[in-house]
Every structure is written in C-alpha cells, then in structure tokens.
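Visitor: I would like to learn how to read this structure, feature by feature. Where do we start?

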Amino acid sequence: MDVPKDQIATLLDCGLYDSAQMLGCFLVSSAVSNVETNLYVKAENMVLLGDAFFGEKEFKRALNMYKQALQHCKIIPKQNTANSRSSLSTSNRSSSPSSLNISAVNENEVKFKISLCHYALNDYKNALAEVEGIPSKARTLKMSLTMAKLYRISKHNRGAITCYKECLRHCPYALEAITALADLGVSSKDIISLFPQTPTRGGRPPSDHFDTGRWLQRYVEAQCCIASNDYKGGLDVFFELLQRFPNNIHLLLEIAKVEAIIGKTDEAILHFEKARFVDPFVVTYMDEYAMLLMSKSDLPKLNRLVGDLLDIDPTRPEVFVALAVLWERKDERRALVYADKSIRIDERHISGHIIKGNLFLLLNRPDAALLAFKSAQELRSDIRSYQGLVRSCLGLSKTKEALFVARAAIRAMPQSAKALKLVGDVHASSSLHRDKARKFYESALRLEPGYLGAALALAELHVVEGRNGDAVSLLEKYLKDWSDDSLHIKLAQVYSATNMLSESLSHYQAALRINPQSEAAKKGLARLEKQMKGMDPDAPEEDEDNEVEDAEGDVEEAELLHH
C-alpha cells in the first residue's frame, strides 16, 4: 500500500509542516519491491520528511534526514541514477529552504539544505563547508547570499566580497548585498559596475530602466557614504530618495539610525516615530529608538515601546536591547542579562554589543566593556564604538591606547566634532595636557556649535583650571535650546563651587524635573544640602595623572586642528 508522494509535496507547499511530518513518516517507512529503486525513492522521501522537519524548525532532525538521503544517493548505481532522475522528475516546487525541487534528488540542493540546518544551529563552520562543496556554476542567488554571510561571520572578508558581488550579478536589487559590500569597503563605483547593462538598439536603455537604475545607484552611493563615515553625504542622498519615495519605511529607518549615531537626537526620534506611524509593527532599529528615548528620559514612551515590541515579536534581538535600555538605570545586572540575550540571538547585532559595553562601564568593569566595544568595532566602526573604546581605555588607565583609538576616530571621521572631542577627552585626563584638550574642545565647537557634549567638557576644563565664570558663561548659552539634565547638573556644580548655593539648588531641581532618576543630580543635591547646613562635604577624589608623551602624535594632531 503506497503513500502518495505528491500529497506531502502539496502539504509542504501550503506550509502545513505538522501534517507533512506525520505523512512523511508513513512515506519513509513504506516498502518498495525493487531494492535499487527503493534506495533512490527512499532518499527522495527522506528529503521530503527533512523539509517537514525544517519547516517545524526541528533542525537537527532535518539535518539527520538530509544526511541519510545523501548517503542513499551515494550507494545508488550510477546507471540507474540517470534513469531515476528522468523518470521521477515530476514536481516543480519552489526553491525555499523547506521546498526545493528535490523530485530528482538534486544533491547540490540537499547540500544547501544541510548548510541551512547548520546555519540555524549556529554551526557556521560546517554550514560553510557544505555550501562550499556546491560547484560555483550550480549556486543559486540564495546559495551565494548564504555563502557570503557565512564568509563574513567567519571574518573571511575577501570571500564574502566575491560572493556578494556574484549576488548582484544575479540580481542588482539584492539590497542587503549592496549594504554589505559598502560595509566591507567596496566603492560605490565598483558596486554599480556589477549591475547589468541592457541598452536598446539605439544604444540607450529604456527610460523606465534608466530611471530605476538612477535611484538604485543613488542608494548605493548613500550606503557607501555611511560606511565611510560621511554621514552628512549619506543623509543628503537618503533625503533625496525619500522625496521620490515618501513614507518609505526602509529610508525613514536608515535616516533615523544615522541621525541617532551622529547625535541628532530630536530629528532621529521624529523619524522613528514617523516610521512607527506608517508601520506600527516594525521592529527593525527600534532598539536604537529605545536608546534615544532613554537619553531624553522619556520613560513613559520607552515603556510603551518595549511593551509593543514584546507583543510584536519577542524573539528579535532588538527587543532584548530595548529591555536592557529600560532596565539600565534600575538594575544594571538585569539589563546585562537582556543585552547578552540579544547577542545570543544574533552575534552580529551591533547595538547589543554597544549597550553591553555601556552597562559594563556603569558597573565599573572597563576591562569587560573594552571587549564589548571591540566586538562592535569589528562588526562596523562608528563613533559610538570609538567613544566606548576610549572610555574603557581611560577606565583602565591605558591613556596611550585611548589616544591611539581617538586619533583613529579622527582619521576615519575628520569632519566629526565628536571625534575631535574624543582626542580632547584623552588629553583632559592628564593635568599636563589640558591646554591641548581645550584646543580640541574649541575646535569641535567651531565645527558643530550646538554640540552640547563638547560644551560640557570644555566647561569642566574651565572649572578644573579655576575659570568658573567662563564655565557659567559657556553653559548658559545652551539653556535656551537644550532641556538636558546634564547641562543643569554641570551648572549646579559650578555654582556650588563658587558658593552660589541658591542658584545651584535651582539647577539641581531642574535636572531632577527633567530626569527624576538622575543619580548625579541626587548625589549633587545631597552634597549641596550639607553645604547649605554649614557642613564641609567630602572633596571629590582627584584622578592620578597619566602622562602621555607622543611627539609624533602631537604633529599629527596639529595638522588635524589646522584642518
């Protein structure tokens, strides 16, 4: 009594994997009289059952079935295999992971399915070995893309670039291949050269094709700008594309993410909110949005966001980063558990490593923070990983290493005020180099006058060197445009140091209105209350100077400041 094979194929095509799995068990165990035909048919049936297991995400069971199927194929006499292939080829199922055209037991496609199982089980080494065993001419677009991702995971960038390029030769609209090539340092010119040219008889492509190619080329240019830290150039192109494709979720999210990285917090929040208005169920980059909400101390919105994300898809890494952000100020260790969970879900999720590094710094563990920021840096260098590395190195009193990282940031981003400030931060850690720090802070403010971080750092330098009046004058310029607890805290500290206690009290209270969870404001207020009672509060501890002698670097910095 035979089990109809076409029925399990139908079930698989309909996504009814549970039924397909049960029927597949009957199919695999059914007897066929001819032994040689039995081997081949059994192999084919095992692949079908493996597809059912794969669809149910039972990857180890699927892997076992696919491997057994390949073993059966190897022992089938070659002359009969050819006959079987022609006679049994009756299905034209789609080439999704769970339903490749296996009626002829295409061994290359079965190998790819085995690779996908290893990939799903995070066994990247064996996944890569399987897909590498497929001849290049037999590889489909999906095979090439999977191979590229595996090469990238294994840090074999040259192989990844070759495979991503092959993807674009197959299909120039594989946008993830474009983004990956940009991240890997391939120029926009080289990427665009991969696109097929289809001119008409007159030598010019059709107008619609030409127009489509133009926006795609601009998209490539935008991604290459972002990858090379030319954030302004990338944003300009994204906004140009957004005019042509209004309310494009992908473009809105890309714009918001870049704005978040470069510190345009309010603009980034607006674009994230617009994206959520257009598509309330989007999860992509929502962890970046969560970080921005926390930076603005907007806890009601942050709580709603995390609740929404948990309802939408609690398996995504963005959700656990958002949870880590939510718990950051309440319980750093619990937040760290969520950050680790996000990385276990996706080791290449950059914001997971960034939040993990920030949490380790809060826990006064700069050694662990350094490792987290290095992981983020390896995936994609941006200003946040540079900032984290510098803070970690300074926390470990590795001032020379911190200076090396800060200078690397400024070379990578010569027009970034934040990179200039990083070099200033390193110099400010030594009493002998405060003059250098001041020059870098002032240069950062000339480049970006509204950069509050540089203003706060310069004000702190004024205070350390006894210029309290200059610090107050500088900070008060920002009060009109900034509602930020750190600004009020710094002003409160300066007023406290000059014995202007009522002004200090006013600014501590303003800071707590903006951010009721601010530990710095609470501690400052407690210290101020002692002062107001006539008590002598403990003087702050002074960090030991960590000297940096680097004559060659001084020349390089002078050139950077001159620019």
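Guide: Start with the surface. The model is predicted. The protein chain has an accessible surface of about 28200 Å². Carbon and sulfur atoms account for 51% of that surface.

Visitor: How many helices and how many strands are in the protein chain?

Guide: The protein chain has 31 helices and zero strands.

Visitor: What share of the residues is buried?

Guide: Of the 563 residues in the protein chain, 48% are buried. Now look at sequence separation. Take contacts between residues at least 6 apart in sequence: 53% of them join residues at least 24 apart.

Visitor: How do I read the nonpolar interior?

Guide: The general idea comes first. In soluble globular proteins, nonpolar side chains tend to be buried together. Here, the largest nonpolar core has 159 residues. Tyr164, Leu168 and Ile191 have the most contacts inside that core.

Visitor: Is Cys224 buried or exposed?

Guide: Buried means under 20% relative accessible area. Cys224 has 12%, so Cys224 counts as buried. Cys117 is buried too, because its relative accessibility is 0%.

Visitor: How do I check a helix by its length?

Guide: Helix α13 covers residues 231–244, so 14 residues. At 1.5 Å a residue it should span 20 Å, and its end C-alpha atoms are 20 Å apart, which agrees. Buried residues of α13 include Tyr231, Phe238 and Leu242.

Visitor: What about helix α26?

Guide: Helix α26 (residues 452–464) has 13 residues. From first C-alpha to last it reaches 18 Å, close to the 18 Å expected. Among its buried residues are Leu452, Leu456, Leu461 and His462.

Visitor: What covers the buried residues of α26?

Guide: The cover includes α24, α25, α27 and α28.

Visitor: Which residue with positive phi follows α26?

Guide: Gly466 does, with phi near 85°.

Note on methods. Residues numbered from 1 in each chain as written. Predicted model: local features only at pLDDT ≥ 70, side-chain atom pairs only at ≥ 80, totals over all residues. Heavy atoms only, no water. Helix = DSSP H or I, 4+ residues; strand = E, 2+ residues; numbered from the N terminus. Buried < 20%, exposed > 50% of the residue type's maximum accessible area, 1.4 Å probe, protein only. Contact = heavy atoms within 4.5 Å. Areas by Shrake-Rupley, 256 points an atom, 1.4 Å probe, with all protein chains shown as cover. Expected span 1.5 Å × (residues − 1). Core = buried A, V, L, I, M, F, W, Y, C linked by side-chain atoms within 4.5 Å.
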